[in-house]
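Please consider the structure shown below.

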There are 2 protein chains.
Amino acid sequence: MWSKCLKSCTIRFSRPILDLGNDTVQLSTKSNWEIPGEPQGPNVKTVVPGPNSQKLLQELNKFQQAGSTQIFINYDKSIGNYLVDVDDNTFLDVYTQISTMPLGYNHPELLNAFSNEHDLKCLINRPALGVYPGEDWPKRLSNIVNSVAPKGLAHINTMMCGACANENAFKHAFMSYRRKIRGNDEFTEEEIQSCLHNKPPGSPNLAIMSFLHGFHGRSLGTLSTTRSKYIQKIDIPAFDWPMAKFPQYLYPLEENQRFNDEEDDRCLAGVEELFEKWQKKGTPVAGLIVEPIQSEGGDNHASPEFFKKLHEICKNNNAAFIIDEVQTGGGPTGKFWCHEYFNLETPPDIVTFSKKLQLGGFFFSENMIVNQPFRTFNTWMGDPGKVILLEKIIEIISRDNVLENVRQTGEYILQHLQVMEQQFAPLIHSTRGRGNFIAVTAATSEKRDEIIEKLKRKGIICGGAYTHTIRLRPTLLFGRKHSDIFLSKFHEVLKEI
Amino acid sequence: MWSKCLKSCTIRFSRPILDLGNDTVQLSTKSNWEIPGEPQGPNVKTVVPGPNSQKLLQELNKFQQAGSTQIFINYDKSIGNYLVDVDDNTFLDVYTQISTMPLGYNHPELLNAFSNEHDLKCLINRPALGVYPGEDWPKRLSNIVNSVAPKGLAHINTMMCGACANENAFKHAFMSYRRKIRGNDEFTEEEIQSCLHNKPPGSPNLAIMSFLHGFHGRSLGTLSTTRSKYIQKIDIPAFDWPMAKFPQYLYPLEENQRFNDEEDDRCLAGVEELFEKWQKKGTPVAGLIVEPIQSEGGDNHASPEFFKKLHEICKNNNAAFIIDEVQTGGGPTGKFWCHEYFNLETPPDIVTFSKKLQLGGFFFSENMIVNQPFRTFNTWMGDPGKVILLEKIIEIISRDNVLENVRQTGEYILQHLQVMEQQFAPLIHSTRGRGNFIAVTAATSEKRDEIIEKLKRKGIICGGAYTHTIRLRPTLLFGRKHSDIFLSKFHEVLKEI
């Protein structure tokens, strides 16, 4: 009943609302999105976490270490860009479940995604996709590849999460590297026997290179490439793999081009040195993984030129070039894939995804195809129930030209933040972003935490990253009106500090 | 409409059907289960894979290496213990999506699992459970812990799959081991700095011990403990961790007790040696992982005495005792957890799960609690949508005394297979099992493959494991009638070979 009622609703345009106090920046956005039923703004009635959240936290702590839990949510009441918690506080959500909600809460069309019997049955009869896929599985993959595959990457494997996507990307890099060295896919008896004992040549000494401040997951393979916070890594054994330095730009970019160009060169030289060093150590680098924007590490950007040259270095060293779009993929940067901004001359070897795409997986090029079955395999190999949501999300993004909203709203927020950065220097600086994937850096780690805490009390849920960064990860439907609310609350907070 | 119609259906008992030709074994099972709408038996109309499956396979191969794909399934038509493929062939499914379907296809009560608005919204508004859980999350965890937590393990973390469950179990073992050594949770500056470089002491040299023929996953950490098939491991770097030998019993057990007891002792001595050897190497063993029945490795059983002593050895070495119940958990052995059969004197430290439980995760003891937040963490930390199914599955298993059916049906199948084993010696041997988690060994690997292939042509989907094993992984609702069909087809196949 309720789902039928929602079926007829669609997202509507409304006129831009511009009411940011004294601010003078005016932008020519043409679109503004409103989700039916969204509140007019945030409304915080209690301390945060409120008494009900605190009570539930005590319950949860009985079963697990729940120290990361912020508040408990009423997901029935949450709508669009707004989260409603169990104390009836309403928050404008600029963090969206660690950047995983492309279209916000209770989107009417997603609520209808399982309203037909066939799709509902997909949820109950979950196949082992690598062995007994459903009749529509090739069609579903084809739809995804044809609509959003990165240019030149027509192959796909689905997984469950970002870490699993990256783990399997590494495995493809290793298998492909060994095939190149070996010249074929015929394993020797020594390889076959030794791998069961975790010894070379069957379990070869090969490495994946990653970057300081990079984040690629927390399973033991991916954690060996994650180099952001110690709390994620300490006490856990890791592979002895090389870590390169990622450019640390000065902002504004226009005023620091020379320094930043040199920073690119320094980092690229470092990458080349590490390739050589690990080759000499007897643990050649089979692949390099990099985020188009280092996200957990503090929203660190690098130039298209940097990525182009990085790609060249990988090619010269026979290493797979793996772009981790787990956090950037799915539209938040204003393009479906952030690396589209780099105009690489040839496609990367592998692009991994998760978060906004609802399940994990990776697209890959023809040279990364593994020739034997059961080498890229696990029990479920993804989840058709998540792909149903993904198909719907892609359809809406395309049909409603949602990425145009992301680009325009993002530009609007960026320009306002740049003005505030000057107004409140040196409290915040280094405003940067693509689309609405935006960050600023606070003067100190303590100021950063204070800003986020004060925003929360004013009804804005915003994310921190690394030590000093405040990051925005709104939905793709975050519009002018939401931006104005965020910017005005942010302005208030900066004034208070 | 359709879901309302199904709502009134419940699973019904029916009288046992005994029609196994010349067979004389009679068992006193009291229960037999019938799912409304199930066909009377298998019906294969085409070659397998049929023309429609072959066509879809060509499609799928465009996007990925699809060599593991068997047939494509019509999940709308599949029902209960029967799979219907895209060529309208009907199979009795004795493998159930690699042992992941506890109640079969399109179970009427599971089809209703999302019929209320609140639960449907859980599918759309997927939280980052470690940060913003829904209001009912503590209650849901409490329900699961109170109904099925292994004795003594009152803590739980949910994940997405079995590999992720095991990866995190390893991390808990490492963190707990380091805390014991360190005496507290205060990290040194050297540990904090070195872990970002993947170097000790921050990234310590610690190991997880596992067993030959064990399977624990395919991510790089778990793959270092997986020791079944080379195709899963070859070309992938691995940690230098110890592999112990798992008992290889002779059957029937009653006639080989002395050999098998000695086998236990030999293997346990080997485990102790490896603890000592790795300690001397400077890579102490922080945890040991073992399946209660080695599943992918060929359904290898070991005695309760073996597991009790293994547990003792772990305690003596300060190593976490991790029981991997990914394939055995959820009822197929006739108890909810297979290790209940072992009557361990104190609980294991960690029990991991996935498959029949729909999502991954692990239960753990108080001494395994990690004191700091964000050490056991990832974006989603499981999936409430899967927990809704799990709650329903647990409710049905308990309400309908489903495990009694598993035990009785399993005993019935076992006794018949033991008769056939004698009748067709030496073609099959070593019939073994707990509940309906049953296996026999074929004389050769080729004969094994031939048996499975011929069964498929007669409409029985059955699994192979390792080199010589035929394994049964039916639903928990696999009853006398289904057993008779399987046994009679199996009998036919053995006669033909």
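Arg140(B) belongs to helix 6 of chain B, which covers residues 137-148. In this predicted model, the relative accessibility of Arg140(B) is 7%, and the residue therefore counts as buried, the limit being under 20%. Once residues up to four places away in sequence are set aside, Arg140(B) touches His118(B), Asp119(B) and Cys122(B), and also Val387(B), Ile388(B) and Glu391(B).

Asn198(B) is not a glycine, yet its phi is positive, at about 60°. This residue is found in the loop that runs between helix 8 (189-196) and strand 6 (207-211) of chain B, and Asn198(B) is buried, with a relative accessible area of 4%. Pro426(B) is situated in the loop between helix 14 (402-423) and strand 14 (428-434) of chain B.

Chain A can be approached through its backbone as well. Val48(A) and Pro49(A) are joined by a cis peptide bond, with omega about 0°. The loop that holds Pro49(A) lies between strand 2 (33-34) and helix 2 (51-61) of chain A. Gln358(A), a residue other than glycine, has a positive phi near 75°. Its loop connects strand 12 and strand 13 of chain A, and at 7% relative accessibility Gln358(A) counts as buried.

Strand 12 (residues 350-353) and strand 13 (residues 360-364) of chain A are antiparallel, and four bridges link them. Val351(A) stands opposite Phe363(A) of strand 13 in chain A.

Where do these strands belong in a sheet? In chain A, seven strands form an open sheet with mixed pairing, in the order 5-13-12-11-8-6-7. The edges are strand 5 (155-159) and strand 7 of chain A, each of which pairs on one side only.

Towards one end of that order stands strand 6, which has partners on both sides. With strand 8 (residues 285-290) of chain A, strand 6 of chain A pairs in the parallel sense over three bridges, and Met209(A) stands opposite Leu288(A) of strand 8 in chain A. Strand 6 of chain A also runs parallel to strand 7 (residues 243-244) of chain A, to which two bridges join it. Here Ser210(A) is the residue opposite Met243(A) of strand 7 in chain A.

In a regular strand, side chains alternate between the two faces of the sheet. In strand 6 of chain A, Ala207(A), Met209(A) and Phe211(A) point one way, while Ile208(A) and Ser210(A) point the other way, and all are buried. Because five of the five residues of strand 6 of chain A are buried, the strand is largely enclosed by the rest of the structure.

The loop that leads from strand 6 (207-211) to helix 9 (220-223) of chain A contains Phe215(A). Is this residue buried or exposed? With a relative accessible area of 17%, Phe215(A) is buried, because the class extends to values under 20%. Apart from neighbours within four places in sequence, Phe215(A) is in contact with Thr226(A), Ser228(A), Gln232(A), Glu291(A), Glu296(A) and Asp324(A). Ser354(A) is 139 residues from Phe215(A) in sequence, and their C-alpha atoms are 13 Å apart in space.

The view can now widen to chain A as a whole, which has 16 helices and 18 strands. Its radius of gyration is 23 Å; a compact globule of 497 residues would have a value near 23 Å, so the two agree. Along the principal axes, the C-alpha atoms of chain A fill a box of roughly 70 × 60 × 50 Å.

Buried residues make up 67% of the 497 residues in chain A. Of the contacts in chain A with a separation of 6 or more, 72% are between residues 24 or more positions apart. The accessible surface of chain A is about 17400 Å², and 50% of that area belongs to carbon and sulfur atoms.

Notes
Residues numbered from 1 in each chain as written. Chains lettered and ligands numbered in written order. Predicted model: local features only at pLDDT ≥ 70, side-chain atom pairs only at ≥ 80, totals over all residues. Heavy atoms only, no water. Buried < 20%, exposed > 50% of the residue type's maximum accessible area, 1.4 Å probe, protein only. Contact = heavy atoms within 4.5 Å. Pairing = 2+ DSSP bridges. Rg over C-alpha atoms; globule rule 2.2 N^0.38 Å. Areas by Shrake-Rupley, 256 points an atom, 1.4 Å probe, with all protein chains shown as cover.
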